[in-house]
Amino acid sequence: MISRAFVALAIGGGVLLFAANSMGGTVTGVGLNNFNQATPPATLASGVRLSAGREFNLALNSDGTVVGWGNSGEGRSTPPSDLASALAISAGSYHSLAVKADGTISGWGYAANGLLDIPANLQSVVSVAAGSYHSLALQRDGSVVAWGYAGNGRATPPSDLRDVVAIGAGRDFSVALKSDGTVVAWGLDDQGQTDVPTGLANVVAISVGANHTLALKSDGTVAAWGLNDAGQTTIPTGLTNVVAIAAGEQHSLALKSDGTVQGWGDNSSNQLNVTGSDIRAIAAGGYHSLALHGTGPLITTQPHGQTSLAGSSTTLSVGATGSGLTYQWQLNGQDIVGATGSTLILNKVTRSTAGIYTVRVTSSNGSTTSQNTVVVVRGHLRAARPQMLPGGSMRLFFKDEFGDPITAPNLGRYQAQVSTDLQSWTPFNQPLSLQSGQIQVDDPAAPQYVHRFYRVGEK
């Protein structure tokens, strides 16, 4: 069990979607300001979540509206006028993505290389990551879908990848955090971008920069790998008590439990000069940084992503500093009736339980809302009545118990097994196929057996 948990959501090339917002707070910026990316708009709402892109930023207001500023080339910092009720955002190098309340994705900005060709079969998206020339989406079943420029395999998640609760997209590579605290990376590795440290475990947050990655562990320490030309992966000696991380183009930031920020790496544009002891969240862009200052509680233990099987129970919890604290949990932006403690217990989860969870922590000085936390629910596969084919072959169909269609990108996650006694099971070596969102299993060897049993599960 991970006790000190924080899971960051989508991170793009030189981008961090930081994971807390403070009502009554203000946003400040430092660093390169050639497009006013380090100058937040005066009209910016006080309660926001931010995503810092290469030369622009996005802000997600508490009412679900999205605001952008900085470089407006190709419309990257100009959200669609009809975008409302957004649940998550990600600003990449040249394009932007948002998860809408219905689980679909809105994209805008640079459209070459298929960056905005959002797959039509995406369903129930809970997180997005905008990289430089590719995009990632995390679905509520813990699977990852990618599109855009596919060079070096950056947009090709491993076929057996599952139980993902957070994603990040860098310049030429991708990273996924699994609910067991391990990290998976794929894509270009010319600078060690995908060289996840051996034995890395108990990770509760990831932040992906242009060519490097930060990982926050449950004990409040940080690990890093990838390009280190400016010292961006050289963790400062003695860095502890970290509650949030942010990776930029060539710099890194850590928010500590005392509300201060420590930075390392490139400081050529003063992007490390984030000051104050009232900071509640951080973001690192290309060569600039953002900080959210607030008077509300500082969340020191974020809820962490979970993967649960249908029918089981899941527990989310939050820790914060302050006195007289009150709590309100939300699912997909809506208050959960009666969920007003620091711990939320979800009994007998179903697919409707899966989604984006947040908790608003309030004291007499203000409120702070946790990062988006993904809860994944995996259903069982149910077999339909078998069909006898000419010659005695057997055909079976397996479907998701919740009725969600199984899609082609996810087919590789499943494996069929056969048995003659329901005790000893062996892999079924015939290829699986899809038919109307169900897994089809054909067994030409069925006539050779008096009894033959089948099951399909995730690898």
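Reader: Which residues does Ser 252 touch, not counting residues up to four places away in sequence?

Author: Contact means heavy atoms within 4.5 Å. Ser 252 touches His 212, Leu 214, Gln 232, Ala 246, Gln 262, Gly 263, Trp 264 and Leu 272, with residues up to four places away in sequence not counted. This is a predicted model: local features need pLDDT of at least 70, side-chain atom pairs count only at pLDDT 80 or more, and totals for chains, interfaces and linings use all residues. Residues are numbered from 1 along each chain as its sequence is written, and side-chain values use heavy atoms, with hydrogens and water left out.

Reader: What joins the side chains of Ser 252 and His 212?

Author: A polar contact is a pair of N or O atoms within 3.5 Å; within protein, one must be able to donate a hydrogen and the other to accept it, and residues adjacent in sequence count only if both atoms are side-chain atoms. Between the side chains of Ser 252 and His 212 there is one of 3.0 Å.

Reader: Does Ser 252 count as buried or exposed?

Author: Buried means under 20% relative accessible area, exposed over 50%, and partly exposed in between (1.4 Å probe, protein chains only). Ser 252 has 0% relative accessibility, so it counts as buried.

Reader: In which strand does Ser 252 lie?

Author: Helices (H or I, at least four residues) and strands (E, at least two) are DSSP runs, numbered from the N terminus. Ser 252 belongs to strand 20, residues 251–256.

Reader: What order do the 3 strands of the open sheet have?

Author: Strands of a sheet pair through backbone hydrogen bonds, either parallel or antiparallel. Two strands count as paired if DSSP finds at least two bridges between them. Here the order is 19-20-21, with antiparallel pairing. Strand 19 (242–247) and strand 21 (261–265) stand at the edges with a single partner strand each, so one side of each has no neighbour in the sheet. On average, neighbouring strands of this sheet are turned by 20° against each other, direction ignored. Axes are lines fitted to C-alpha atoms, for helices over the stretch in contact, and angles run from 0 to 180 degrees between N-to-C directions. Strand 19 and strand 20 are joined by 5 bridges, and Val 242 stands opposite Lys 256 in strand 20.

Reader: How many residues lie between strand 13 and strand 14 in their hairpin?

Author: The hairpin of strand 13 and strand 14 has 3 residues between them. The two strands run antiparallel, with 5 bridges joining strand 13 to strand 14 (residues 173–178). Ile 167 stands opposite Ala 176 in strand 14. Strand 13 (residues 164–169) is mostly covered, with 6 of its 6 residues buried.

Reader: Where is the place of Glu 74?

Author: Glu 74 sits in the loop between strand 6 (66–70) and strand 7 (86–91). Its phi is near 55°, a positive value in a residue other than glycine. Glu 74 is partly exposed, at a relative accessible area of 47%. Ser 85 lies in the loop between strand 6 and strand 7, and has a positive phi of about 55° although it is not a glycine. Ser 85 is partly exposed at 39%.

Reader: What does the secondary structure of the chain come to?

Author: The chain has 0 helices and 41 strands. Buried residues make up 58% of its 459 residues. The radius of gyration is taken over C-alpha atoms, and the globule rule is 2.2 Å times the number of residues to the power 0.38. A compact globule with 459 residues would come near 23 Å, and the chain has 22 Å, which agrees.
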